[in-house]
Structures are given as C-alpha cells and as structure tokens.
Amino acid sequence: MFARTTLQVSYRCLFLSLAFPKKRASFLQILPTRRSCVLKMFKTMDSKKEPEASQDTISACADSTTTAVPKEDTSPSSSTEQNQTSSTEPGLLPGETVVREGKAAILFPSANEVFYNPVQEFNRDLTCAVITEFARDQLAQRGVRILVPGEKDRVVVRLSEEKNGTVDQEESEQPENEQLKEEEADEKEYITASVGERCEQGLCVLEGLAASGLRSVRFALEVPGLKSITANDYSAKAAALIARNAQHNNVSHILQASQRDASMVMYEARGRKERYDVIDLDPYGSPSPFLDAAVQAVSEGGLLCVTCTDMAVMAGNSGETCYSKYGSMSIKSKYCHEMALRIILHSLDQRAAVYQRYIEPLLSVSVDFYIRVFVRVKTGQAVVKNSASKQALLYNCVGCGAFHLQRMGKRTSQGKQMKYSAATGPPVGPNCEHCGQRHQLGGPVWAEPLHDITFVQKILGAVSGNPTRFRTSKRIEGVLSMVTEELQDVPLYYALDHLSSTVHCNTPPMLQFRSALLYAGYRVSFSHACKNAVKTDAPAGVLWDIMRCWEKSNPVKRERLSETSPAHHILSTEPILQACFEIREDANPQSRKRHLTRFQENPQANWGPKARARAGGGISSELEDKRKHFQGKRKKPITDSSQLKSLPCKKFRKGTCTHGDKCCYSHEQETNEDKMD
C-alpha cells in the first residue's frame, strides 16, 4: 500500500513538472522516490499497457524511499565519524573516501593525503551564513530576491537586557491577506534566485586557496544568488580534484576550477569589470602574501573573508615575525586573541589605503585555533585620510597587565571640514602607576569597532530562524549573541583570573565583579574571544580598587609578598572607590541566561591545525610525530630512586656535579654507538 501511494505521488509530481517547466526543479526535488526508478516504472507501464507497475519495480522504489536518514548530532566527534566514510559509489577510484559536510559530498584520494579538518566546519558554516546575508543586501539593490531553503519570514534578533529574559523580535503584524498581496507584488518586481542555480545578476566569488574545493562546493549548493565561483589552487592535483568534486555535486555550471597562483589571479582581476564580489582566503598559516592583491581585486563594497591560523605569531610568541608579516608588533598578554583580530584588520586597512581604499569590518571572530574576519572594502580618498586616527599604539605593563592605547593620528571637526594632525603622547609615564613595572610597546592595531552590529543581527536572525540549515547552528547563535553584547567602542579586555593572580588572592565570582563595575557607573561586557574576559570602559585604577576591596574580605598573607612585586605595590595603596559586590540583575547577560553554546570544549584529540601539505601532494607527518614525542611522560612517575640510575646526570655533562659516586643519576658517558642506537 505504501509503494502504491508513493507511486501515485510520483505520477503527480512528474506530470506537474511537465506542465510547469519553470518550476520543474522544485517538483522533481520533492519526488518521494528516485527519479530513475519512477522513469523505469513509466516505461514498463507504457510497454505493458497496465495500470499498475510490476512488483519488482515497486519493491525497488519502496526500498529507495525507506533509506535511513541519520539524525543530526551536534557533537563534533560523532559528526566526524559521520562525515568521513569509505564510499562504494560508482565512479570512485580505489581507496577514495567521501566526506559529507552540509549539502556537499567531497571526494578525497585517501584519509592521509588530504587536508581536511572537521573542526573547521564551524568556519565554513559561518561563512555560508555571512555570504548569504551579504548577497541578500547586495542583490536587493539589483532587483534580485534570494530564496534560502527552510527559511521562513525574516526575523531580526536582538538580545535585550530586560528582566523577563525574552528576545525582542521584529515581526510583521500585517494581516495575512495584505502579506499575500505584497508577496505577489514583490514576485512581479523581483527576480528570485535559488541555491544551485546560476543567477546572471548574482555575485562572483573567488576562493583563492581551495584545496579540495569543499568550501566552494558548499557555496554553490547552499548560498543562493551566485553567478560564478572560481575555486583556485596552485597544485595540479588539487585543481583536478576540484573539477571532479564540482562534477560529482552537479555544480559545474557555477563552479570552475583554476590552477594558478592565487596572487596572480587577483592581480589580473584589478579592473573594475573583472573584480570579484566575494574573495575568500583560508590559507595554511599566514594570509599576508595575498592581502595586497586581495584588497585590489574585490569589487566596490565587496566582501573579503580572511582566515589566520598562525596564532603563535599573532599572539606574541614572535613579535618580530608578526611585524614583518602584518606591520605590527604582537605582545604576550591575556587579550592576545582580540589583539590578533585588530592586527589583521590594521594590516588590511593599511594595504587598502595604498590604493585609496578602506575597510569596514562586518564580523571578526576568534574561535578554536584561528581568527576569521569579514570586511567590506570601499573606495574613497577623503575617508582614507581617517586611517591614521583608526590605528593605535599599545602600552602594556609587564607587571600588572594594565594597558593604554595611543592613537596614531588626530582629527578634529571644524564645521564642514576635518582637520588632521599628529597625536600627542605618550599616555603613560616611564613606569606603571599601579605596580611600578615597565611598559611594553606593541602595535599599531585597529582601534575601531570589530563588528557591524546591524549586519550581525541579520545573520543571527537568519541562523536562529532556520536552525536545521547548519550542523553548528547552536554554536553560531551563541558566538554571535556574545558579539552583539560586546562593548563596541572599548578595545581589548582584562582577564578576571589574571587580576586575582596578580594580587595573589582568590578569584571573585564573575557576576559580583561585574556588578561592582556597574555600581561604580561603568559599562562592562564579556568577550567571545576569552571566557573570563572583562571588557569595560573603566580605567585600570578602578579595577585595582575593586580588587583591593575584594582582598580585604579575602585577605592574602602580606608577609610573603616581595616588596618589589606588583601585588605589594597594588595592595599597599588604599582604595579610593568602595566597591559593592551585591549581584545586580543586569550583570548577567542574556546569552548566559539562555545557556547558549558560547565556549565549547575541545572536540577531539589533535583538533588543532593539521600538518602542512607537501608540494608533491599529501601531508607531512612531522607534526604528528612531534605531538607523539614525549606524550604521557608524566603518567608513569618514577617512585623508586634506584630507577634514576638509568638516567644521565645533566650536571655531570657540564662538569658541575659535586655529588660524585653518591649522585642518584648516572655518570656514565654515552659513546657514539649508544647515541646511534
């Protein structure tokens, strides 16, 4: 009975697709059985002239319709097992695997030769969401309306600070009849664009470093309103794989593979008619070699998406390397992740200013082991003059962590004109006023807001209104909710555990510390870049006054503090501000009240950046070997002192061991043969 009902529905869908050619794709998509099985049934029925299909055909179609669909699992480890599976699909070469992510099914030569990190699925999901909203805004000006599968009426989500903990939503309150009339009128005026279809008035997208083409294939299958996608990679094997994946996913009419140097592709597209509307750069490591070409090849008001995975450089481990790549000195600090975002934005704005262009950050996030920025690039000589006043030098105290920003330029309004001059400084003395330690000089960094809150709210509304579109929708909603709550005009942040560690006292509860700042008349927020972040417009002196008040109720042993330590200097001063630690209702933000997924745990072992791809194909195993080296060395501690005799004495090698034969370590010199072994 089920097969017969399925057959009748298939008849109706096929006949409707023949009667309405323009909507043929939509009718064929809702076929409850495979199209090949339905067509075979029609041929059988035409030949036998019987009203019912054969039993074998019906059973085959019934089997195809009852294929088990895996349920959505938000855990990254289980999603990895579901995504990467060995496939027996026809047309695959021996040893190939298929990785399924989103709506894409990507062919890989083998699990060991291809760069694929399932943790980056959040990155790709977020990029699809951002480009969709960007396309919605851009194509509306060209008379094109995009259609996203599963999306209902648009809802703009804003997190409020109301006591009831509800979410404010802007919904249309017009009657249904008026809405239907407006929709019919809009359909006449607008051209609709669906996913998987080529839109002549759509956006041109370039993925400069495509590797397997997974990201580009997902764009073609999940982002509507695209005219063309160029998936480029310098490797011949990667370019051939991109072409196969485009054909495997039936998106060859939108996606074209390219095997060229990414910089040359963008340099040749500098003309206004050849520019790309969206450029996505997701390299292994630093994107600095491609930034100069990217800011020229993106169209006027176009979207530039950049990923940086060289966080060791941008977080302060190699400040001189960071300066050579991005033109900014990085500093080791608790706010290093937000500083990394401001370093890449500074580098983008500086390189764009050379060509009389400037950037407008739409969204900047620091997640997992990388940072990701989405900026709009525009042209304007008058606006470029503001570039110097948007950058700032950073003074960081090495003792207590207090920081101060010094703008590179100064601009003052004189009626309709703007006057530009050099900034005055420095804002600090030779030593820190709080702990007496010296300052480090970092930057310059981007000192303007990191996000366009209006644009972020559009993305948040689209993702929360269509949660089944992405596997990582819950995490996207949590991160973007925190972004909307951040203080946009306050650069960088303090870490609460670092403040308490500086004065050697217990860490106060976060809500009590935030309440103390609110009672003092200052603003405070969290940061998506750090779990214990305190982003506030209060000066450092106010923070230390609150910590002094907290230390009085949670005293430390002053006699153990060194007179030259930062804790001794800070606690020896009486607080000017008397802090109140009674918890306020507005101290707890909405994202925390709603228990959104803001900071997830490590999803799996070795979840960080994978090994660099080799020039001849495949990946190197050096990174995995380094990770395995010395792993678990403290799991089996030595309890018997006699076992120490098997370990060489380091002081004996240097000739400084004074224990002689009584030394618990071995004084036997290693021979060359032992070293070879």
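pLDDT is the predictor's confidence in each residue, from 0 to 100. Keep that in mind on this tour, for the model you have open is a predicted one.

**Stop 1: the whole chain.** Colour the chain by pLDDT. Its mean is 80, and 73% of the residues reach 70 or more. Now select residues 37–81, where the pLDDT is below 50. Beyond near neighbours in sequence, this stretch has 46 contacts in the model. Move on to residues 160–176: the pLDDT is below 50 here too, and the stretch makes 29 contacts beyond near neighbours in sequence.

**Stop 2: a pair of helices.** Two packed helices are described by the angle between their axes and the distance between the axes. Select α13, residues 319–326, together with α14, residues 336–353. Their axes lie 10 Å apart and the packing angle is about 30°. Angles under 35 degrees count as roughly parallel, so α13 is roughly parallel to α14.

Which residues meet here? Show the side chains of C322, K325 and Y326 in α13, then I343, I344, H346, S347, Q350 and R351 in α14. The residues of this contact include 4 nonpolar, 3 polar and 2 charged ones.

**Stop 3: a sheet.** Strands of a sheet pair through backbone hydrogen bonds, either parallel or antiparallel. Select the 3 strands of the open sheet, ordered β20-β22-β21, and you will find antiparallel pairing. Which strands stand at the edges? They are β20 (494–495) and β21 (524–527); each has a single partner strand, so one side of each lacks a neighbour in the sheet.

Finally, zoom in on β20 and β22 (residues 530–536), which pair over 2 bridges in the antiparallel sense. Pick Y494 and look across to β22: its bridge partner there is V534.

Methods. Residues are numbered from 1 along each chain as its sequence is written. Side-chain values use heavy atoms; hydrogens and water are left out. Axes are lines fitted to C-alpha atoms, for helices over the stretch in contact, and angles run from 0 to 180 degrees between N-to-C directions. Helices (H or I, at least four residues) and strands (E, at least two) are DSSP runs, numbered from the N terminus. Angles under 35 degrees count as roughly parallel, over 145 as roughly antiparallel, 65 to 115 as roughly perpendicular and the rest as oblique. Contact means heavy atoms within 4.5 Å. Ala, Val, Leu, Ile, Met, Phe, Trp, Tyr, Cys and Pro count as nonpolar, Asp, Glu, Lys and Arg as charged, and the others, Gly among them, as polar. Two strands pair if DSSP finds at least two bridges between them.
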